[in-house]
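Here is a quick walk through a two-chain model, written for someone who likes to know the cut-offs. Have a look at the structure first, then read on.

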Amino acid sequence: MTDYNQQMIEKYRENFLKEVEHNVEEGEWVKMCMQCGVCSGSCPFGPYWEHPPQELFMMIRAGKRDEVLKSDSMWMCTSCYNCIARCPRGLPITHIIHGLATYAKRLGLAPKEQPTAKFAQLFWDNLTKTGRVNELKLGLALYFKVGEGLKTALENKDLGLAMLKAKRMNPFELVGGHKCKDIKGLHAILAKAEEIEERKIGMKA
Amino acid sequence: MADMKIGTYICKGCGLGERLDCDNLAMIAEREGKSNIVRQHDYLCSADGVKMIQDDIDNEGVNHVVIAACSRRAKTEAFDFDGCAVSRVNLREGVIWVRPDEEELRETTQEMAADYIRMGCAETRHMNPPHPNENRGHEERVLVVGGGLSGMKAALEAAKAGYPVTLVEKSGRLGGAMADVWKHIPTRPPFDQLVDNPVPALAKEIEAHPNITVYLNAHLTRTSGAPGRFSADISVESGETVTENFGAIIQASGFKPYDLANLPEMGGGRIPDVVDQMGLEKLAIEADGGPIKRPSDGKEVKKVVFVQCAGQRSDQEGHLPYCSGHCCLTSIKQAMYFKDQNPDIETLILFDDLRTPGAPGEDFYRAGQDKEITFRKGKVTEVTADGGSVKVRFKDLILDEEDTEQADLVVLATGMVPNAGVDIEALTKPNVEGESEGDEAGGEENAEGEVSVPVESILNLTYRQGPDVPQLKYGFADSHFICFPYETRRTGIYTTGPVRRPMDAEQAMEDATGAALKAIQAIENAKLGRAAHPRSGDLSFPSFRKEGCTQCKRCTVECPFGAIDEDEQRYPVFNESRCRRCGTCMGACPVRVISFENYSVDTVGQQIKNVDIPDEFDEKPRILVLACENDAYPALDMAAMQGIHYSQWARVIPVRCLGSVNTIWVTDALNSGYDGVILMGCQKGENYQCHFVKGSEMAHYRMSKIDDTLQQLNLEKERVATYEVAITDIERAPKLINDMAKTIDEIGMSPFKF
């Protein structure tokens with residue numbers, strides 16, 4: 001992964017805007033931002049972002065590669081789409097933000113301890129293992145791996161019991177759990193997709 | 001006038017018949033108002049009602065018409081009787097609509113109406129039907145001063161409309177500053193490709209036009225006269241002087257780029273690779289579509305930084321405080337010079353607020369972004385030479401941090417300085433202190449002891465007020481940027497293009513078309529002896545009684561439009577066609593010898609005198625309201641329309657401008673027993689709204705001296721109040737009247753009732 005990062009640094013040298021345009025989903029829109037700040041003002045999580053969207057776009061233009069890609073800002077997006085709805089220039093801001101997060105992850109620069117990033121990985125691993133989301137395991141992982149803790153788990157115990165009663169959650173999922181019919185086939189599909197993707201972006205020959 | 005015959009016509013429509021005793025009003029018009037004919041009509045503005053009046057004019061010889069109906073601002077077309085003096089008595093908006101319809105108030109409402117009838121009749125007795133001035137010119141030729149883009153466009157538009165044009169250009173070619181420009185901003189959607197400079201095509205069109213005479217390397221040495229009869233001496237290329245007559249003048253003297261050398265901290269004048277926008281145009285023309293090379297060593301430019309708002313929008317001394325309006329678009333255009341030639345050239349625009357006015361506006365900005373011009377919001381702190389390149393230090397205002405950029409070339413967007421000639425207001429100041437008069441070339445010492453550069457006059461007017469048109473702000477020659485574009489304070493002379501306000505080429509061409517239209521309007525009005533804006537069509541003009549004149553020069557000094565000159569004996573010489581008919585001269589005259597046919601010290605003074613002043617013990621005060629007809633009077637009319645009531649003691653007289661108010665009216669009113677006087681004019685001062693520029697200001701100044709009069713009469717100074725009232729003060733204007741009524745209630749009635 002870091003090799004890929006080095007490869008990109010060498011390829012684009014000083015021109016981070018070009019790098020974003022070529023590698024980030026909808027990245028070619030970044031140059032069209034007119035710095036009005038409506039996105040930052042509209043974001044319900046705005047005050048919690050280190051760099052709101054307007055600032056991220058400016059940083060990209062100013063060539064601040066590391067600061068952008070290592071930032072946890074784009075992991076704060078909840079996809080509410082307020083910014084897209086309001087951007088006077090019609091930038092697909094939400095998509096660009098997710099695109100930046102994806103790209104940072106691919107380069108190995110995404111923050112390791114960021115809860116959203118962590119949970120996203122858990123979700124992916126959980127899903128791809130059996131081809132079905134194991135909600136019990138995912139929930140427990142959220143509490144004990146991401147760091148929500150025992151206290152939160154206990155707070156939600158009544159909800160958990162009610163779900164058991166209503167047969168919305170199966171305690172036996174803890175051991176094994178259900179899976180899709182052709183799990184091998186699914187893994188093959190995912191491996192192929194990854195291969196195509198990596199070839200496309202130049203990570204592999 | 002011996003053969004004066006007054007006809008008073010009382011309307012009973014719009015509820016007037018029900019609210020008022022019209023027979024009583026008719027009797028007053030006849031007995032007190034001395035009307036020869038008095039008629040009532042159920043619906044006076046109907047065809048039948050108007051015919052009734054016209055019949056009296058035709059058959060009975062009525063030449064003074066008093067219309068007692070609605071406001072003078074309503075039904076102006078119906079009640080327009082040629083050759084007659086017409087007075088309007090405002091019974092609807094002035095009486096019944098501002099008073100509650102209650103039985104116990106009928107008496108005072110009727111008294112109000114009766115007083116207005118007396119006032120209307122008194123006014124008309126002192127009016128004459130206005131007739132056009134005899135001293136008018138019929139010249140149709142338009143003089144355009146300046147052969148830049150605005151001047152060329154104005155000349156072409158006037159010529160195309162059928163008016164002959166003389167174009168005077170000081171340099172040896174047409175086109176002005178815009179001739180030195182490589183490409184232009186697109187004027188049509190999708191606004192993404194640069195277009196060719198329109199100057200060569202326009203110049204060709206001008207040369208081919210049979211109705212346009214062009215003088216190159218020429219300037220005006222003397223301009224005199226008035227709309228319809230201007231005369232100008234033009235010093236032409238051969239050294240001879242040609243004298244021509246003109247109907248109107250368009251001044252399109254353009255701008256000078258702000259001097260780069262004033263910005264040493266940005267490398268201006270110090271670093272050869274720091275240029276201004278005109279400097280870059282020169283490089284682009286030299287490159288002729290090829291790679292643009294920098295001035296110092298001829299190296300092809302690979303990276304260029306544009307600095308917006310360089311020395312403008314700044315409160316620093318010596319900088320321009322204003323935005324020049326075109327520079328953001330121009331920098332985008334110039335960045336495209338590079339991008340269109342080679343997309344790999346880095347172009348960075350450092351802006352504070354990116355402003356892209358006009359039709360191309362946002363689309364053009366977007367086109368620039370699409371061509372990968374980089375935009376950063378930043379404020380430049382320093383530009384220095386750094387080996388073979390230029391280093392720009394700036395603060396990024398989004399990221400809130402210092403940053404630097406290295407570039408081959410830096411372009412400063414420095415803004416435009418109007419080329420408006422001599423600042424005549426600065427000129428007259430030393431004269432007041434008794435220094436030598438007629439020092440036309442400027443060059444006076446300023447406070448710091450530095451000698452300013454003498455400015456050459458553009459028009460060389462022979463007006464007593466100075467050789468050029470007055471400047472409004474920052475040296476731009478206009479009279480009001482928003483309300484009256486093109487109108488300078490010299491009637492018949494219109495400024496256009498960047499001499500009027502900062503603008504880009506597209507706006508200048510549109511502006512020039514407007515100025516051509518205004519010039520044509522002035523010519524046609526002058527032919528008929530009518531006023532120009534804002535009393536457009538008014539035939540009356542001021543005249544004075546020479547026997548009474550003390551040659552005090554107050555009228556000539558205070559005229560906001562420079563309409564009045566002085567003869568050898570220092571008597572005023574009215575140039576009727578230059579006059580805007582505001583009456584500021586009439587208000588200024590201490591011996592009251594200046595008057596208009598239909599507006600004079602008497603027409604208003606007699607209205608004041610003819611109001612019935614009840615005995616002190618009747619507890620019926622009288623409040624005189626002198627309201628500017630442009631803003632305050634309409635505001636009161638609109639208040640009436642909205643059913644807002646005001647005091648029954650008010651008697652409102654519209655005046656042309658508060659500047660026309662002669663203090664004798666106030667003194668007379670107080671002497672004859674009025675309890676309060678209110679003057680309502682427009683906003684004065686820097687952001688003035690006065691239609692006659694200085695009228696309201698003059699009035700406020702004059703009224704500041706009224707305290708002496710009050711003291712002499714031993715009256716409370718609360719009895720006279722002067723206010724600035726806007727046309728939107730619909731609730732405030734009636735409140736001011738009610739406040740005065742309350743004040744009188746508190747301080748008591750005037751002791752001057754006889």
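Of the 754 residues in chain B, 59% are buried (buried means under 20% relative accessible area, exposed over 50%, and partly exposed in between, with a 1.4 Å probe and protein chains only). This is a predicted model, in which local features need pLDDT of at least 70 and side-chain atom pairs count only at pLDDT 80 or more, while totals for chains, interfaces and linings use all residues. Residues are numbered from 1 along each chain as its sequence is written, chains are lettered from A and ligands numbered from 1 in the order in which they are written, and side-chain values use heavy atoms, with hydrogens and water left out.

The C-alpha trace of chain B spans about 95 × 60 × 55 Å along its principal axes. Its secondary structure comes to 20 helices and 31 strands (DSSP runs numbered from the N terminus: helices are H or I with at least four residues, strands are E with at least two). Among contacts in chain B with a separation of 6 or more, 69% are between residues 24 or more positions apart; contact here means heavy atoms within 4.5 Å.

Now for the interface. The size of an interface is often given as the accessible area lost when the parts come together. Buried area is counted that way here, with a 1.4 Å probe and summed over both parts.

| Item, chain B with chain A | Value |
|---|---|
| Residues from chain B | 14 residues |
| Residues from chain A | 16 residues |
| Buried area | about 1400 Å² |
| Share of buried area on carbon and sulfur atoms | 53% |
| Salt bridges | four salt bridges |
| Polar contacts (both at pLDDT 80 or more) | eight residue pairs |

A salt bridge is a side-chain nitrogen of Lys or Arg within 4 Å of a carboxyl oxygen of Asp or Glu. A polar contact is a pair of N or O atoms within 3.5 Å; within protein, one must be able to donate a hydrogen and the other to accept it, and residues adjacent in sequence count only if both atoms are side-chain atoms.

Which elements of chain B give two or more residues to the side that touches chain A? They are helix H10 (361–370) and strand S18 (374–386), with H10(B) giving the largest share, five residues. By type, this side of chain B divides into four nonpolar, two polar and eight charged residues (Ala, Val, Leu, Ile, Met, Phe, Trp, Tyr, Cys and Pro count as nonpolar, Asp, Glu, Lys and Arg as charged, and the others, Gly among them, as polar).

Glu372(B) makes a salt bridge with Lys18(A), with the closest N and O atoms 3.2 Å apart. Glu372(B) is also touched by Lys339(B), whose other contacts beyond four places in sequence are Ile345(B), Thr347(B), Lys371(B) and Ile373(B). Lys339(B) sits in helix H9 (residues 327–341) and is buried, with a relative accessible area of 8%. A polar atom of its side chain lies 2.9 Å from the backbone oxygen of Pro343(B). Lys339(B) and Ile373(B) are 34 residues apart along the chain, yet their C-alpha atoms are separated by 7.6 Å.

Strand S17 (residues 346–351) of chain B has five of its six residues buried. S17(B) runs parallel to strand S16 (residues 303–307) of chain B, joined by five bridges; strands pair if DSSP finds at least two bridges between them.

Technical notes
Buried area is the accessible area (1.4 Å probe) that two parts lose on being put together, summed over both.
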